[in-house]
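The following note sets out, point by point, what may be read from the model shown here. Please keep the structure in view while going through the points.

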Amino acid sequence: MKISVLIPVYNERQTIEEVLKHVKATPFNKEIIVVDDGSADSTGEFLRTLDDPEVKVFYHQRNYGKGAALKTAIKEAQGDIVIFQDADLEYDPQEYTTLIDPIIKGMADVVYGSRMSGGRPQRVYMFWHKVGNIFLSFLTNLLYNTTLTDMETGYKVFKSEIIKNLKLKSNGFCIEPEITAKIFKRKLRVYEIPISYYGRNYSEGKKISWRQGFSAIVALLFFRFFE
C-alpha cells in the first residue's frame, strides 16, 4: 500500500520546511506531492533546493487557488490512498494512522478529519470562524441528508480511484464544498475521525476569510441542484 500526500502551497515559506519534516517522519510507504501555486515569497526558491526522491514538486506560474493546486497534485498521485495536507502547521501528520484506518479496514471510501467532534487538542480562538464552519456543515447535512460535523476540514482522505474520478472544477477554496457535494451525491461511505487543530490567526498567515464562506454556500447549492 502506498500513500500519496498532496500539499498545495502558497506563500508558506515559514512553515513548509517543518511540514515536510513531519510528513516525511510518518511511517508509511509514501510519495509527497507539493504544488507551489505561484508563491510570491521565497517558498518556490526553497522548494527548488530540495533533493529528495520522496518529494515531487510542481509549480504554477501564477496563483490560481487551492483547488487548482490540488487538481494538479491529484493528477500526479500514484498511491492507493490520497491525503490532503495543508502547508501550514494547523494539522498534525502524526494522525495519518488514525485517519486512514477506516479505509484500510474496508469500512470507508472517504475519511474526514473533524475539528468539531471533540476529543483532540483544539486552539481556542476565532469565534466567528467556528460559527461559519458549523453553519456550512449544517447546510451540507440539510442538502445532502448526512451528519457531517466539519465540511471545511483540511484533512480529507480518499481511496485514490475515488478522488481521481470526481472530475473537479473549482480552482479556489470552493474545492472543499465541491468535493463534499460530489462524494455525497455518489452515496460513498464517509467516516469522520476527531483530529487536533492548531489554528492560525491572520497575523500568523491564515488566508481563508468570510468571503470564502459565502462562496462555499453558493457551491453547495450549485452542486446539489445544478450538476
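1. Terms and basis. A residue is called buried if its relative accessible area is under 20%, exposed if over 50%, and partly exposed in between, with a 1.4 Å probe and protein chains only. Helices (H or I, at least four residues) and strands (E, at least two) are DSSP runs, numbered from the N terminus. The model is predicted, and local features need pLDDT of at least 70, side-chain atom pairs count only at pLDDT 80 or more, and totals for chains, interfaces and linings use all residues. Residue numbers start from 1 along each chain as its sequence is written, and side-chain values rest on heavy atoms, with hydrogens and water left out.

2. Helix α7. Ten of the eleven residues of α7 are buried, so that the helix is mostly covered. The buried residues are Ile 175, Glu 176, Pro 177, Glu 178, Ile 179, Thr 180, Ala 181, Lys 182, Ile 183 and Phe 184. Just after α7, Lys 187 has a positive phi of about 60°.

3. Strand β2. This strand spans residues 30-37, and eight of its eight residues are buried. Both of its faces are covered: one carries Lys 30, Ile 32, Val 34 and Asp 36, and the other Glu 31, Ile 33, Val 35 and Asp 37.

4. Neighbours of β2. Two strands are taken to pair if DSSP finds at least two bridges between them. Strand β1 (residues 3-9) runs parallel to β2 and is joined to it by seven bridges; within this pairing, Val 34 of β2 is the bridge partner of Ile 7. A crossover counts as right-handed if, with the strands pointing away from the viewer, the path from the first strand over the helix to the second runs clockwise. Strand β3 (residues 55-60) is also parallel to β2, with six bridges between them, and Val 57 in β3 is the bridge partner of Val 34. A right-handed β-α-β unit is likewise made by β2, helix α2 (residues 43-48) and β3.

5. Helix α1. The twelve residues of α1 reach 17 Å from the first C-alpha to the last, close to the 16 Å expected at 1.5 Å a residue; the expected span is 1.5 Å times one less than the number of residues. Which residues of α1 are buried? They are Thr 15, Ile 16, Val 19, Leu 20 and Val 23. These residues lie on the same side of α1 because they cover an arc of only 140° around the axis, the arc being that of the directions from the helix axis to the C-beta atoms. The buried residues of α1 pack against β1, β2, α2 and α4 (96-104).

6. Salt bridges. Side chains of opposite charge can pair when their charged atoms come close. A salt bridge here is a side-chain nitrogen of Lys or Arg within 4 Å of a carboxyl oxygen of Asp or Glu, and the whole structure holds 17 of them. One of these joins Lys 159 and Asp 109 at 3.2 Å, N to O. Lys 159 is in strand β6 (residues 156-159) and Asp 109 in the loop between α4 and β5 (110-114), so the pair ties together parts 50 residues apart in sequence. Lys 159 is partly exposed at 21% relative accessibility, whereas Asp 109 is buried at 9%.

7. Further pairs. Lys 156 and Glu 176 meet in a salt bridge at 2.6 Å, N to O. Since Lys 156 lies in β6 and Glu 176 in α7 (residues 175-185), this pair ties together parts 20 residues apart in sequence. Both Lys 156 and Glu 176 are buried. In the salt bridge of Lys 169 with Glu 227, the closest N and O atoms are 2.5 Å apart. Lys 169 lies in the loop between α6 (160-164) and α7 and Glu 227 in the segment after α8 (210-225), so the pair ties together parts 58 residues apart in sequence. Lys 169 is exposed at 52% relative accessibility, and Glu 227 is partly exposed at 35%. Salt bridges that share partners also join Lys 24, Lys 30, Asp 52 and Glu 54 into one network.

8. Glu 95. This residue is in the loop between β4 (81-84) and α4, and at 7% relative accessibility Glu 95 counts as buried. Leaving aside neighbours within four places in sequence, Glu 95 is in contact (heavy atoms within 4.5 Å) with Arg 120, Ile 195 and Ser 196. Glu 95 and Ile 195 are 100 residues apart in sequence, yet their C-alpha atoms are 7.2 Å apart in space.
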